[in-house]
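Dear colleague,

Please find below the structure that I am handing over to you. My notes on it follow directly after.

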Amino acid sequence: MTRAWEIEGFLGSSDGRMTMDGVDVSALADDFGTPLFIFSERRIASNIERLQNAGEKAGVRLKICYASKANSNTGILKAVRAAGSDIEVNSGGELFKALNAGFSPSQVIFNGTSKTEREISEAVTAGIYAIQADSIFELERIEKVSLSLGIRANVSLRLVPEIRSDTLHGLQTALLTSKFGMMPDEAVEAFRRWREDDPALSIRGIHLHIGSQTPDAEPYLEALQVLYKEVARIRKETGRRVAHVNLGGGFPVNYLRDPGFAGRMADSQKKLFASELDLGEVLSRGWKEILGRAEYDGIGGIFQDLELLIEPGRNVIADAGICVTTVENRKTRPLGAGQGADTWLFTDAGFNILLSMETYKWYYQIVAAERVNEPHATPYRLAGPLCDGGDVYFDIEGKRRLPDHRLLPQGIVPGDVLALLNCGAYSIAQMF
């Protein structure tokens, strides 16, 4: 019997124990101790291949740039590169790690709102594919650095397109109220100001990002139309031809693989955490619409060699990683007269290593790694080891952003090993 949390060829079980790529998860916990993050190189490669297939399905020149902010562990970066992906970085440290992991400068794009002159200098000196400029001021800063080095910088312009999606407020990145990007009018002015023969800046493309864990296709289709509109406008008003457009990332992952648990969540959270998106279908539909519109507008030629960039992070690494934790303590608490009692389990994994569980009330499915064949039907309250009342696996604010209890086999005791699934993204990266 295949369980809802299993992923063929990657996450499964043997003799009632969870396995990853055929390796016993609990045995790894015995060898290395807990809490322990375990990643599958095989799953990383499979996720990147799926994205590559999406580009082929759409018939577009697709440049996949793994968003290293999701997880920039050097071993992960090497696995990403070996699978055929390029990379997106957000700091000088991530740039250093990307180059040391073997990525060539032509494979690197550099995002961020607050790049220092030192970081810009490192990127320009390396000769990376593009520095994504977040403002006119930042373009002037890049120009200053480039002139001082005598090296022309490749840049693209990040726009704020005012596109809303049904993700969490803190994960919205395409609204005027967000901190990211420049206005489209500013981008057009930048193409006018820094001409094709400018000695400091080579403006190569435009970029946007609508947010993370976006559950619907429509915002991406709208974003593609915004990119088309701005490419056409830049051509019409400045005569410039854009070499690439960047759709960003934020492609969702299904964190709620067990449908039996969905009833314990609010509808909005259920939609968010159970999101799945057929990127191949989205790109096929969106790119076909763009090409048809371009032909109708008489500018089809400028899209023939256009390269489309995407920046998947969560979609590559989230379900390739699990966190294994050990139950270290157990107690009961009365609920009130005639209401029974709660059983509490205390693990050695707290929000210090799973920060999104606190900042975004993020849901990670939990499985008893040594008892996967047993019904997961007994409710427990789970908490971590930190000396902080908020270090719990449930919603203490009553907003139903996390379920009150987790369902595990009956009789969980200290020493039992639990596996938190789909936590490869924004976990290790937020620990430091």
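Predicted model: local features only at pLDDT ≥ 70, side-chain atom pairs only at ≥ 80, totals over all residues.

**Helices H8 and H10**

Helix H8 comprises residues 218-238 and helix H10 residues 279-296; the two pack with their axes 10 Å apart, at an angle of about 30°. Because angles under 35 degrees count as roughly parallel, H8 and H10 are roughly parallel to each other. The crossing in which H8 passes H10 is right-handed. On the H8 side, the contact is made by Glu218, Tyr220, Leu221, Leu224, Gln225 and Tyr228. H10 contributes Val282, Arg285, Gly286, Trp287, Glu289, Ile290, Arg293 and Ala294. Sorted by class, the contact of H8 with H10 has eight nonpolar, two polar and four charged residues.

**Helices H4 and H5**

The axes of helix H4 (residues 92-100) and H5 come within 9 Å of each other and cross at roughly 30°. That angle makes H4 roughly parallel to H5. H4 passes H5 in a left-handed crossing. From H4, the residues making the contact are Gly92, Leu95 and Leu99, while H5 supplies Glu119, Glu122, Ala123 and Ala126. The contact of H4 with H5 has four nonpolar, one polar and two charged residues by class.

Helix H5, which spans residues 117-126, also holds Ser121. Leaving out residues up to four places away in sequence, Ser121 touches Val145 and Leu149. Between Ser121 and Leu149 there are 7.9 Å in space, C-alpha to C-alpha, and the two are 28 residues apart in sequence.

**Thr325 in strand E13**

Strand E13 runs over residues 321-334 and includes Thr325. With a relative accessibility of 1%, Thr325 counts as buried. Its side chain is joined to that of Asp348 by a polar contact of 2.5 Å. A polar atom of the Thr325 side chain also lies 3.3 Å from the backbone nitrogen of Ala349. Apart from neighbours within four places in sequence, Thr325 is in contact with Thr34, Thr347, Asp348, Ala349, Asp416, Val417, Leu418 and Leu420.

**Backbone features**

Thr34, one of the residues in contact with Thr325, is joined to Pro35 by a cis peptide bond, with omega about 0°. Pro35 belongs to the loop between helix H1 (25-32) and strand E4 (36-39).

At 4% relative accessibility, Asn422 counts as buried. Tyr426 has its place in the segment after E18 as well; its phi is positive, at about 55°, and Tyr426 is not a glycine either. The relative accessibility of Tyr426 is 16%, so Tyr426 counts as buried.

Yours sincerely

Notes
Residues numbered from 1 in each chain as written. Heavy atoms only, no water. Helix = DSSP H or I, 4+ residues; strand = E, 2+ residues; numbered from the N terminus. Buried < 20%, exposed > 50% of the residue type's maximum accessible area, 1.4 Å probe, protein only. Polar contact = N/O pair within 3.5 Å; in protein donor to acceptor, adjacent residues only side chain to side chain. Contact = heavy atoms within 4.5 Å. Axes fitted to C-alpha atoms, helices over the stretch in contact; angles between N-to-C directions. Parallel < 35°, antiparallel > 145°, perpendicular 65-115°, else oblique. Left-handed = near helix turned anticlockwise from the far one by under 90°. Nonpolar A, V, L, I, M, F, W, Y, C, P; charged D, E, K, R; others polar.
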